[in-house]
Amino acid sequence: MNLPNKLTCLRMLMVPFFVAAMELSFSNHYLWALILFAAASFTDLLDGKIARKRGLITDFGKFMDPLADKILVTAALICFVELWITPAAVIIVIIAREFIVTSLRLIAAPKGIVIAADIFGKMKTVCQMIWVAATILQMYLEEERLTGIPALSGLNLVLMWATLLLTIVSGINYLWKNRSVLNDMK
C-alpha cells in the first residue's frame, strides 16, 4: 500500500477518536475534536498532492479517498444533529447526495468505470470541511465562554448554505455526467 492510500486509511481510523472528542465531555474536548478533524482533513489534502506528484494514483485511492471524506464529514454532521447545531433537513440532503454518488460509483465499478471526484465534488468537500471546522471552533469558544469572534456564527450559517448549495450542484453534476451508467441499467 502506497503512502497516499495509507493516509486515506489513517483518516478513516481517526474518525472514532474524533467522534469520542465530540461526544464525551472532558476538558477541552471540542478543541481536541477540532484538532483531530483538522488533522484528518489535512490528510485528504496531503494524500491527493502526494499521489499526483509521485504518480501514485490508484483505483483504491480513487474509491477510498472520497469514501474516507464521506465517513469523516458524515460523522461530524451526525454529531451536529445530535448536539442540535444544524437542522436535520440540511444533513439529510447532504447525506442523501453522498448515498446517490456512492451508489453511482458502485453501479459503475463492475463495468470497469471509476468515477473519480470532480471539481464540484472537491469544492463541496473543501467547503464541508471548512464549515465543520469553523462550527467546532465556535462550539469550543462558546464552551470556554470565549466569544472573541462574534461574526463566526454568521460565517457558519453562510458556510452551511454554501455547503448545501455545492452539495446539490455537485450531486446533479455527477448524475448528469454519468447518466450513461444509469441508462445501462434498463
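Let me begin with a criterion: a charge sits over a ring if NZ of Lys or CZ of Arg is within 6 Å of the ring centre and within 35 degrees of the ring normal. In this structure, which is a predicted model, Arg179 lies over the face of Trp176, at 3.8 Å from the ring centre.

On the source, local features need pLDDT of at least 70 and side-chain atom pairs count only at pLDDT 80 or more, while totals for chains, interfaces and linings use all residues. Residues are numbered from 1 along each chain as its sequence is written, and side-chain values use heavy atoms, with hydrogens and water left out.

Now to the aromatic pairs, where rings of Phe, Tyr and Trp (its six-membered ring) pair if their centres lie within 6.5 Å, and where planes under 30 degrees apart count as stacked, over 60 as edge-to-face and the rest as tilted. The structure holds 2 such pairs. One is tilted, formed by Phe18 and Phe37 at 5.5 Å centre to centre with 50 degrees between the planes. This pair links distant parts of the chain, 19 residues apart, with Phe18 in helix α1 (residues 3-23) and Phe37 in helix α2 (residues 29-54); helices here are DSSP runs (H or I, at least four residues), numbered from the N terminus. Phe18, at 1% relative accessibility, counts as buried, a term that means under 20% relative accessible area with a 1.4 Å probe and protein chains only, and Phe37 is buried at 0%.

Phe80 and Trp131 form an edge-to-face pair, with 6.1 Å between centres and 75 degrees between the planes. Because Phe80 lies in helix α3 (residues 59-82) and Trp131 in helix α5 (residues 119-143), the pair ties together parts that are 51 residues apart in sequence. Phe80 is buried at 0% relative accessibility, and Trp131 is buried with a relative accessible area of 2%.

Note on methods. Helices (H or I, at least four residues) and strands (E, at least two) are DSSP runs, numbered from the N terminus. Buried means under 20% relative accessible area, exposed over 50%, partly exposed in between (1.4 Å probe, protein chains only).
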